[in-house]
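Please keep the sequence and the structure at hand while reading.

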Amino acid sequence: MGTVASDSTAARAAGLDVERIRKSFPTLSRMIGSEPLAYLDSGASAQRVLASIEAVDRYERRHHANVHRGSHTLSGEATDAYEGARATVADHLGAVDRREIVFVRNATEAINLVARAWGGANVAAGDRIVLTEMEHHSNIVPWQQLAAATGATIDWVGTDDDGELIRDQLEAALDRGPKIVAITHLSNVLGTLNPVAEIAAMAHDAGALILVDGAQSMPKMAVDVTGLGVDFYAVTGHKAYGPTGIGALWARLDLLGEMPPFLGGGSMIRKVTKEGFTCADPPAKFEAGTPAIAQAIGMAAALRWLDMIGMGPVLAHEREITAYALARLAEVPGLRVYGPPAAPERVGPVSFEVDGIHPHDVAEILDRHGVAVRAGHHCAQPLMQRLGVAATARASFGVYTTTAEIDALIAGIEDARRIFGA
Amino acid sequence: MDELYRDQILEHYKRPHNFGRLDEYDLEFEDTNPFCGDEQHVFIKLDDEGRVSAVSFEGQGCAISTAATSLLTDELVGMTREELLRLPKEKVLDLLGIEISATRMKCAMLGLKVVKSASLGEPADWEDEGEAGDPAEAGSI
């Protein structure tokens, strides 16, 4: 290891007191058998920060009632907390108006909302949709459904051997005058950080809108949707140290105003008669039914906690830990890392393959060392096809990840190599 | 020392029996483990009496799925399609001779599922162990 910074050095450089941060995550003190948990699966779902757990608990114990319904005290408190959560998410994402935030179940639902509501009204036979090879299934399948329903065509932008988008293919796709470009901010497999602001400008020059999947990026870096110049941005709570069952769509208010509703029901209407209904204004227009109130509050509490830590130091820590992981993985014979090579701005996740050992088996043996990683296709099968593999093992990091956990990962991989005689 | 990755499993993983594609076959089926994207393709040749005379498989998978199908295909010669369809999951578990966790059950059973689907000529009706859900489990954590 020699040349690589120790835990305390890395934490100092990043401005994060990682040992103190870890005390805010109860799960991290778990033992897996006789080994301490090394949780390297935050890209799938991050652990819950105490601030979020406690905010949900307080709400459930003292303030719960339905929102936007009653005139009683509890309903007022629940409504204030829920709308306060919306304001927090809006602030965290750099939205100019909190009405630009629509609460949904997860980033998947946010993208489905856009594909169904905006796509259904604006995409027709012969229109084109641009996707990239590195998209998660959640940013592929809703567009395939839209294409199948309308007769639109999908154009794919490929990736090069370093996991970066192929610029010529993006330009060629934009030359065909697409209606929308849907792209991930940070690849959930490769760790590729796409130049979203630049691509947004290119898309707009070509007359297209741009949707960005921010599920992986929001927990790792400051996101400013206004500064990025995008049209839609999809995020989820549970990858950002908050609860499952809550996410948000940020969209330009004028777009939300023009779009037809997504799901029908209570809350999304202005008036209903036997003859029909009229819609509420955004964001209520897109929030049919009783929302996930406690979860929205929990998501907002996690984001406030992140903002208190500071997204600058969070990103610096992600970069430090990724650099350390890439350096250590490079020492393992027969191990191949997918995605961009080590660089100061590289962030996780890190996907890899160990020669002669299936990723499932790597993950199973790592679990015996207390190391949690994901093995599989990561809901990105077109990318797996591009890489020529069925699956990879993936280590993904968070604010609480230590170099000691990366060392446990390496020890576990060495054990797998010993067991398999690789 | 390592129960799951004992020598027999690793041996079948590294040098699977009946691996490859039969030149001539009467039944075949390909399926994937949706959890991880692993694929297996099974080929079965029947004799005049409708009994399995040769069987092979190809695909990519983990040690558990590859060893399970390697071990299973060693057992199938002489069976009728009906007998293939009646093969219980326990048969595969007995052949593996190791404890299989709920998360790896799909891996262990992929080959059996594909063999049954090949016999039927369509995807076999299937419920994996551990998917049915046990209310006691939900209450215990």
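Helix 12 (residues 311-329) of chain A packs against helix 15 of chain A at an angle of about 25 degrees, with the axes 10 Å apart; helices here are DSSP runs of H or I of at least four residues, strands are runs of E of at least two, and both are numbered from the N terminus. This is a predicted model, in which local features need pLDDT of at least 70 and side-chain atom pairs count only at pLDDT 80 or more, while totals for chains, interfaces and linings use all residues. Residues are numbered from 1 along each chain as its sequence is written, and chains are lettered from A and ligands numbered from 1 in the order in which they are written.

**Helix packing in chain A**

- Helix 12 and helix 15 of chain A are therefore roughly parallel to each other, given that angles under 35 degrees count as roughly parallel, over 145 as roughly antiparallel, 65 to 115 as roughly perpendicular and the rest as oblique.
- Their contact is made by A:Ile321, A:Tyr324, A:Ala325 and A:Arg328 of helix 12 and by A:Thr403, A:Ile406 and A:Ile410 of helix 15, where contact requires C-beta atoms, placed from the backbone, within 7 Å.
- The axes of helix 13 (residues 359-368) and helix 15 (residues 403-420) of chain A come within 9 Å and cross at roughly 120 degrees, which makes helix 13 of chain A oblique to helix 15 of chain A.
- In this second pairing, A:Asp361, A:Val362, A:Ile365 and A:Leu366 of helix 13 meet residues of helix 15 that include A:Leu409, A:Gly412 and A:Ile413.

**Nonpolar cores**

- The largest nonpolar core has 95 residues, and among the members that touch the most others are A:Val114, A:Ile210 and A:Ala248; such a core is a set of buried Ala, Val, Leu, Ile, Met, Phe, Trp, Tyr and Cys residues joined through C-beta atoms within 7 Å.
- Helix 11 (residues 293-309) of chain A gives the most to this core, with eleven residues.
- A second, separate core of 42 residues includes A:Leu329, A:Val362, A:Val373 and A:Ile406.

- Chain B has six helices and three strands, and buried residues make up 38% of its 141 residues (buried means 20 or more other C-beta atoms within 10 Å of the residue's own, exposed 12 or fewer, and partly exposed in between, with C-beta atoms placed from the backbone).
- The contact takes 14 residues from chain B and 13 residues from chain A.

Note on methods:
Two residues are in contact if their C-beta atoms, placed from the backbone, lie within 7 Å. Axes are lines fitted to C-alpha atoms, for helices over the stretch in contact, and angles run from 0 to 180 degrees between N-to-C directions.
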